[in-house]
Amino acid sequence: MKPKVYIARPISKRVEEYIGEHCDYKKWQGEGSIPLDVLMEEIKNVEGVLVQHAPITNELLEQAPHLKIVSNSAVSYDSFDLEAMKQYHVLGTHTPVVLDETVADLAFSLMLATARRVPELNNFVKQGKWDTQTKSQQLFGVDVHHATMGIIGVGRIGEKIARRAKFGFEMDVLYNSRTPKLELEEKYGIVYSELETLLKKSDFVVLIVPLTPETHHLMGEKQFKQMKGNAILINCARGAVVDEEALIRALETGEIRGAGLDVFEQELVSPENPLLQMEQVVALPHIGSATEQTRAAMLMQAAENLVAVVTGGVPQNVVKELQGLLGKWA
Ligand SMILES: NC(=O)C1=CN([C@@H]2O[C@H](COP(=O)(O)OP(=O)(O)OC[C@H]3O[C@@H](n4cnc5c(N)ncnc54)[C@H](OP(=O)(O)O)[C@@H]3O)[C@@H](O)[C@H]2O)C=CC1
Ligand SMILES: O=CC(=O)O
């Protein structure tokens, strides 16, 4: 008999066929994200579940006595209650590496769009405001090339951003992380910097850290005051790495020039959020990895992790905090 699994998000035919070869599966067929009560009901009798960002809580795991794996089709796993997963011996896997270049591209899209005011000026032209009265200074942005970038979190994705910055845009790159990255310093000529110094020197501050208790509101009132008045914040990490109230104040008072945001403290972001009313903010709906090619690769990687565990194999991408559980299933 094939092991039972549940697929809690839409998947391609190819991935569905792959899972079907190895597992007896059921899938979420509704619109949008699966409601939690439905997920809880559906995983009561399965050994594995494929999700994207669904909260994996103690309450949910309590209801799923046969569950061996939660395979997340995303690199981050701040939605996992890691302690509960350890307690219930449920492995968690994610999809690192395959999305790195795509997320790095998005970070640059946001930087260029914010610095050169692309969405604002696109509207300006389309609304017929470009006329003989337009003064060229009205259209000025700031340069990205040869500016200083400060990257907070030079991991897999941060490295790809650093490479683009150094070799594509000839920028000076500072970085901050808890441990120095000597290999990357040598490879790309990037320079370690304490957070305060990085904020004081950077024209673009790029956030690409995981959301953890340590990084929650890493950027707050004090940090915005330390940034240059002409600096731009780019957040491709998680909304809650930034204290959004403090960001709104910093933008309203002109403490910083602008922000490019792919993520928000509350997603879906409310249309009432003041950030959405500001010309100097470029806002995107959490699309860091959202290209056809990358999402297909992530889903296949997530499916392979799922199938590996429920068929008694070893998955490639167990999150580091849960690697101690591996011996239980291998
Ligand atoms: N917008 C989007 O759609 C996407 C967003 N992301 C976000 O990007 C994050 C990073 O992904 P990825 O590069 O794969 O992750 P990695 O784990 O490879 O890199 C994270 C880096 O952050 C550093 N870091 C961790 N904690 C801190 C801290 N307290 N202060 C400073 N640096 C810290 C780590 O270095 P050290 O341990 O030395 O501190 C590490 O180098 C994801 O967790 C996710 O939240 C990812 C994909 C898409
Ligand atoms: O936010 C996206 C992810 O992969 O993490």
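How many residues of domain 1 are in contact with how many residues of domain 2? Five from domain 1 touch six from domain 2, where contact means C-beta atoms, placed from the backbone, within 7 Å. The views below come from a predicted model, where local features need pLDDT of at least 70, side-chain atom pairs count only at pLDDT 80 or more, and totals for chains, interfaces and linings use all residues. Residues are numbered from 1 along each chain as its sequence is written, while chains are lettered from A and ligands numbered from 1 in the order in which they are written.

View 1. The protein splits into domain 1 (4-98 + 292-329) and domain 2 (100-283), with bounds from an automatic or database domain assignment. On the side of domain 1 that touches domain 2, the residues are two nonpolar, two polar and one charged. For these classes, Ala, Val, Leu, Ile, Met, Phe, Trp, Tyr, Cys and Pro are nonpolar, Asp, Glu, Lys and Arg are charged, and the others, Gly among them, are polar. The C-alpha centres of domain 1 and domain 2 are 32 Å apart.

**View 2. Ligand 1 between the domains.** Both domain 1 and domain 2 give residues to the shell around ligand 1, so it lies between them. There are 30 residues around ligand 1, and Gly153, Gly155, Arg178, Pro210 and Gly288 come nearest; a residue is near if its C-beta atom, placed from the backbone, lies within 6 Å. By class, that shell has 14 nonpolar, eleven polar and five charged residues. Helix H7 (residues 156-168) gives the most, with three residues. Helices (H or I, at least four residues) and strands (E, at least two) are DSSP runs, numbered from the N terminus.

**View 3. Around ligand 2.** Ala74, Val75, Ser76, Leu99, Gly288 and Ser289 surround ligand 2. That makes three nonpolar and three polar residues, with no charged ones.

View 4. Three bridges join strand S4 (residues 69-72) to S5, and Val70 stands opposite Gly92 in S5.

Conventions
Two residues are in contact if their C-beta atoms, placed from the backbone, lie within 7 Å. Two strands pair if DSSP finds at least two bridges between them.
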